[in-house]
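I opened this model to record its helix packing, a few strand residues and some backbone angles. The entries below are kept in the order in which I looked things up.

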Amino acid sequence: MVNLHEPFAPIVMLGEADATLLLSFWKPLLLVLVFAPWAWVISRIYDKHAARFFLPRQQWNLFHLSMGCVAIAGAVGLGMLFENQAGFWIGLGFMLVVLVIDLVAYAQVANRDDRVPDRFKIRLDIASKMSEAREAKREGKLQGKVALAIEGPDGEVIAVPQVETPEHEIRTAAEQLYIKGIEARASQVDVLPTNKEGVYAVSAMVDGVRTGLDQLPAADAVRLMDFWKGAAGLDVSDRRRRLVSKIKVSHESSSHVVRVSSVGGSGGMRTSMLFDPEQAVLRAPTELGLLPKQMEALEGIVAESAGVVVLAAPAHMGRTTTMYSVLRMHDAYTSNVQTLEMDPQARLEGVRTNVFDPQSSEGEFSTTLRSILRRDPDAVGVADLPDAATAREAALVDVDRARVYVSVRADSAMNAIKGWMEAVGGAGLGA
């Protein structure tokens with residue numbers, strides 16, 4: 001019995017336990033070890049994946065955040081619900097299940113989206129990935145060492161063949177063509193037939209001068225040309241039509257865009273590798289090497305903005321570079337500037353490029369030029385002069401309304417004028 005009137009009377013409760021909370025240090029550490037990998041996947045892989053393929057990124061991030069909160073709340077709540085160790089393990093299991101559901105849900109939905117290409121679909125088969133990694137490591141040991149890293153037109157790196165195989169031997173021999181060209185400071189390397197039957201030559205253009213690098217038996221040369229055609233995604237079996245594509249080649253600390261072209265002829269197939277084609281032809285007029293008086297004369301010609309101007313040079317001596325530079329002297333944003341080309345070397349900013357493919361284009365080159373001139377352009381660059389009809393169409397341009405630059409191959413100014421006069425049929429149109 002307790003006397004309520006006695007001050008400071010103690011109250012004793014039988015069976016009272018010590019109010020001490022015992023927390024093991026390894027429990028929160030284990031929760032972090034489960035939560036951290038999930039958070040890394042969400043922030044470093046899933047978020048970037050959604051942004052790259054224009055998936056609903058904000059909605060997915062909100063979903064991931066919600067699932068993470070549910071996982072943490074469930075783990076803590078279930079751990080406190082039970083007094084023994086079973087509560088912690090139940091909560092940990094709940095957390096793991098929720099986080100796995102979140103990862104699987106995004107993968108399933110994203111993989112069904114048409115915006116995600118097949119090779120970028122998310123795979124959660126860890127065992128399969130580990131097996132693939134082991135296989136790739138094994139294949140890597142079998143692969144031989146090569147000097148170049150070659151990226152095809154689609155951006156995929158060309159696989160290295162296994163050592164002691166014919167494919168690896170061809171790869172290393174083909175790489176030597178590129179390396180020799182780079183070491184010689186060449187702008188272009190060609191593999192082409194010679195006058196000798198069964199013999200091909202490897203040559204390089206160095207400062208506009210063709211330099212011989214090597215000679216090969218026809219069978220070996222064809223295999224090397226087929227390698228570069230295949231790397232560029234061209235039809236290896238097509239040995240007649242003109243085929244063009246671009247690849248990226250890295251060697252040591254340098255990398256170059258290489259324009260691979262192939263065309264058939266009476267003597268056989270010819271394949272060319274042009275290094276950094278756009279850099280070679282896109283130059284400012286001040287970089288053409290003209291003297292001050294020559295530059296002043298060129299500016300005066302461009303300012304006239306009417307009539308026909310013949311641009312002539314020998315092969316591989318800057319004819320395309322000159323035409324592009326002159327066209328860039330016209331303001332493409334206030335004027336209608338166009339080109340007509342069979343094989344464009346670069347894209348000029350603001351200039352419309354008309355490509356004529358002899359194999360698929362309708363009509364003739366001359367009729368295509370006539371169609372362009374009827375649309376009242378201010379300046380047109382004609383990169384090729386395949387026939388007299390094209391020359392006559394250019395000569396008939398309205399001299400008061402349009403300027404036409406015609407690029408012709410000639411070894412001197414006099415021969416260029418003579419050839420132009422013959423093409424148009426006399427001085428009446430050619431003057």
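What follows are my notes, entry by entry.

**Entry 1. Basis of the model.** I note that this is a predicted model, in which local features need pLDDT of at least 70, side-chain atom pairs count only at pLDDT 80 or more, and totals for chains, interfaces and linings use all residues. Residues are numbered from 1 along each chain as its sequence is written, and side-chain values use heavy atoms, with hydrogens and water left out.

**Entry 2. Overall content.** I looked up the secondary structure and found 13 helices and twelve strands in the protein. Helices (H or I, at least four residues) and strands (E, at least two) are DSSP runs, numbered from the N terminus. Of the 431 residues, 35% are buried; buried means under 20% relative accessible area, exposed over 50%, and partly exposed in between (1.4 Å probe, protein chains only). I then looked up contacts, meaning heavy atoms within 4.5 Å. Among the contacts with a separation of 6 or more, 55% join residues 24 or more positions apart.

**Entry 3. Helix 2.** I checked the span of helix 2 (residues 57-81): its 25 residues reach 36 Å from first C-alpha to last, close to the 36 Å expected at 1.5 Å a residue. The expected span is 1.5 Å times one less than the number of residues. The buried residues of helix 2 are Trp60, His64, Met67, Gly68, Ala71, Gly74 and Ala75. I recalled that an α-helix has 3.6 residues a turn, so residues three or four places apart point the same way. The partners of the buried residues of helix 2 are helix 1 (26-52) and helix 3 (85-111).

**Entry 4. Helix 5 against helix 6.** Helix 5 has 18 residues and reaches 26 Å between its first and last C-alpha, close to the 26 Å expected at 1.5 Å a residue. Its buried residues are His168, Arg171, Ala174, Glu175, Leu177, Tyr178, Ile179 and Gly181. At what angle do helix 5 and helix 6 pack? I found about 80 degrees between helix 5 (residues 166-183) and helix 6 (residues 218-231), with the axes 9 Å apart. Axes are lines fitted to C-alpha atoms, for helices over the stretch in contact, and angles run from 0 to 180 degrees between N-to-C directions. Helix 5 and helix 6 are therefore roughly perpendicular, a term that covers angles of 65 to 115 degrees. On the helix 5 side I listed Ile170, Arg171, Ala173, Ala174, Glu175, Leu177 and Tyr178, which meet Arg223, Leu224, Phe227 and Trp228 of helix 6. The residues of this contact divide into eight nonpolar, no polar and three charged. Here Ala, Val, Leu, Ile, Met, Phe, Trp, Tyr, Cys and Pro count as nonpolar, Asp, Glu, Lys and Arg as charged, and the others, Gly among them, as polar.

**Entry 5. Helix 11 against helix 12.** The axes of helix 11 (residues 388-395) and helix 12 (residues 413-424) come within 8 Å and cross at roughly 90 degrees. That makes helix 11 roughly perpendicular to helix 12. Ala388, Ala391, Arg392, Ala394 and Ala395 of helix 11 make the contact with Trp420, Ala423 and Val424 of helix 12. I counted seven nonpolar residues, no polar and one charged in the contact of helix 11 with helix 12.

**Entry 6. Gln188 and Ser272.** Gln188 lies in strand 2 (residues 188-193) and Ser272 in strand 7 (residues 269-275). Gln188 is buried, with a relative accessible area of 9%; Ser272 counts as buried at 9% relative accessibility. Which side chain makes a polar contact with the side chain of Ser272? It is that of Asp190, at 2.4 Å. The side chain of Gln188 also makes a polar contact with the side chain of Asp190, at 2.7 Å. A polar contact is a pair of N or O atoms within 3.5 Å; within protein, one must be able to donate a hydrogen and the other to accept it, and residues adjacent in sequence count only if both atoms are side-chain atoms.

Entry 7. Glu164, not a glycine, has a positive phi of about 60 degrees, and at 81% relative accessibility Glu164 counts as exposed. Phi of Asp376 is near 55 degrees; Asp376 is partly exposed at 43% relative accessibility.

Definitions and conventions:
Parallel < 35°, antiparallel > 145°, perpendicular 65-115°, else oblique.
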